[in-house]
Amino acid sequence: MNTADLHTLTGAYAVHALSTSEREEFERHLAACTSCTQEVGELTETAERLGRAVAVAPPPELRQRVLRQVTTVRQEPPRPSGGASAVGPGRRVRAVPRFLLAACLAVAAAFGGVAAWQYQSAQDARQQARQAEQRTEELAGVLAAPDARMRSDRLSDGATVTVVVSAERDRAAFLASGMPEPPSGKVYQLWFDDGGTMRPAGLMPSAASGEAVLLEGKVGDASGMGVTVEPAGGSPQPTSQPLAVMEFPAA
C-alpha cells in the first residue's frame with residue numbers, strides 16, 4: 001500500500017473498520033504523518049458525538065424477553081464422546097450450544113453494522129464540513145472582490161438589509177440586521193429577481209445571527225433580489241408577498 005492509499009484510511013481507522021494488517025500498517029504511517037493524526041482525531045471526535053446523539057437505553061423488558069427465548073431454543077445433543085468434539089490428537093473442545101453461537105453471530109453482525117454506519121456518518125460529516133468551508137471561502141471572495149458593489153435599504157419594521165454583488169465572480173451576498181425571527185414553521189427565503197420572475201437563491205439560516213449569507217446560484221441576468229416568508233424547507237416559487245425587493249447596485 002503506497003502513501004497516497006494510506007492517507008485515505010483515516011475514516012476507516014477512526015471507526016475501527018480496518019483489518020489487523022491494515023491497522024498495523026496505517027499506525028506505522030500515523031506515527032510520521034501529522035496531517036493524518038489530526039484528521040483521525042477530528043473524525044474520532046465526530047463519530048463519538050454522532051454515537052452519543054443516537055444512543056438509546058434498551059427497554060427494561062429486553063433482558064427478560066431474551067432469557068425467555070433462550071429457554072425455547074434446543075441445544076446441541078450430547079456427543080458420543082461425552083459432549084466434546086475432537087480438534088486434534090489429544091485435544092478436545094466442548095461443543096458450543098446453538099443458541100450461544102447464534103447470539104454471538106447476531107452481536108458480531110450488529111457491531112459490523114454500527115462500524116459501517118459510523119464510518120458513513122463520519123464521511124458525511126466531513127463532506128458537510130468541506131461544503132461549509134467552501135461556502136465560507138466563496139462568501140469571503142465576494143465580499144472582498146475588487147469589483148464588489150454594495151447597496152443597503154431599511155425596511156418598514158426598522159430592519160436593515162444589504163446586498164453585495166461581484167460581476168467578476170457572478171455571485172451575490174446578503175446581510176440582514178434587526179429582522180425578527182420568522183413565525184413557527186416558517187423560514188426567510190432569498191430570491192433572484194430575473195426581470196420579475198423570482199428564482200430560488202437559498203434560505204437565511206437565522207434572522208438574528210446578523211451574518212452574511214451567500215446567495216445560492218449565479219447572478220446571471222438577475223437585476224435584483226427579494227426576501228419572502230415561506231414554509232420550512234423553502235418553496236420553488238414565492239407563496240407570500242416579498243418583505244423586501246432590492247435592485248442590484250449599478251456597475
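A salt bridge is a side-chain nitrogen of Lys or Arg within 4 Å of a carboxyl oxygen of Asp or Glu. By that criterion, a search of the whole structure finds 2 salt bridges. This is a predicted model, in which local features need pLDDT of at least 70, side-chain atom pairs count only at pLDDT 80 or more, and totals for chains, interfaces and linings use all residues. Residues are numbered from 1 along each chain as its sequence is written, and side-chain values use heavy atoms, with hydrogens and water left out.

**Salt bridges**

- R151 and D153 join their side chains in a salt bridge with an N to O distance of 3.8 Å.
- R151 counts as partly exposed, because its relative accessibility is 31%; the classes are buried (under 20% relative accessible area), exposed (over 50%) and partly exposed (in between), found with a 1.4 Å probe and protein chains only.
- D153, at 24% relative accessibility, is likewise partly exposed.
- R199 and D194 form a salt bridge at 2.7 Å, N to O.
- R199 is partly exposed at 26%, and D194 is partly exposed at 27%.

**Aromatic pairs**

- The structure contains 2 aromatic pairs; rings of Phe, Tyr and Trp (its six-membered ring) pair if their centres lie within 6.5 Å, and planes under 30 degrees apart count as stacked, over 60 as edge-to-face and the rest as tilted.
- The ring centres of Y13 and F26 are 4.9 Å apart and the planes stand at 45 degrees, so this pair is tilted.
- Y13 belongs to helix α2 (residues 10-14) and F26 to helix α3 (residues 20-30), so the pair ties together parts that are 13 residues apart in sequence; helices (H or I, at least four residues) and strands (E, at least two) are DSSP runs, numbered from the N terminus.
- F26 counts as buried because its relative accessibility is 0%.
- The ring centres of F192 and F248 are 6.5 Å apart with planes at 75 degrees, so this pair is edge-to-face.
- F192 lies in strand β6 (residues 186-194) and F248 in the segment after β10 (244-247), so the pair ties together parts that are 56 residues apart in sequence.
- F192 is buried at 0% relative accessibility, and F248 is buried at 11%.

**Helix α3**

- The buried residues of α3 are F26, H29 and L30.
- Viewed down the axis of α3, these buried residues fall within an arc of 100 degrees, so they line one face of the helix; the arc is that of the directions from the helix axis to the C-beta atoms.

**The open sheet**

- Four strands form an open sheet in the order β3-β4-β5-β8, with antiparallel pairing; two strands pair if DSSP finds at least two bridges between them.
- Strands of a sheet pair through backbone hydrogen bonds, either parallel or antiparallel.
- β3 (149-154) and β8 (213-214) stand at the edges with a single partner strand each, so one side of each has no neighbour in the sheet.
- Strand β4 (residues 160-166) pairs with β5 in the antiparallel sense over 7 bridges, and T160 has S177 in β5 as its bridge partner.
- The hairpin of β4 and β5 has 4 residues between the strands, and D170 takes a positive phi near 60 degrees there.
- Strand β5 (residues 171-177) pairs with β8 in the antiparallel sense over 2 bridges.
- A173 stands opposite L214 in β8, while F174 has V213 in β8 as its bridge partner.
- β5 is mostly covered, with 5 of its 7 residues buried.
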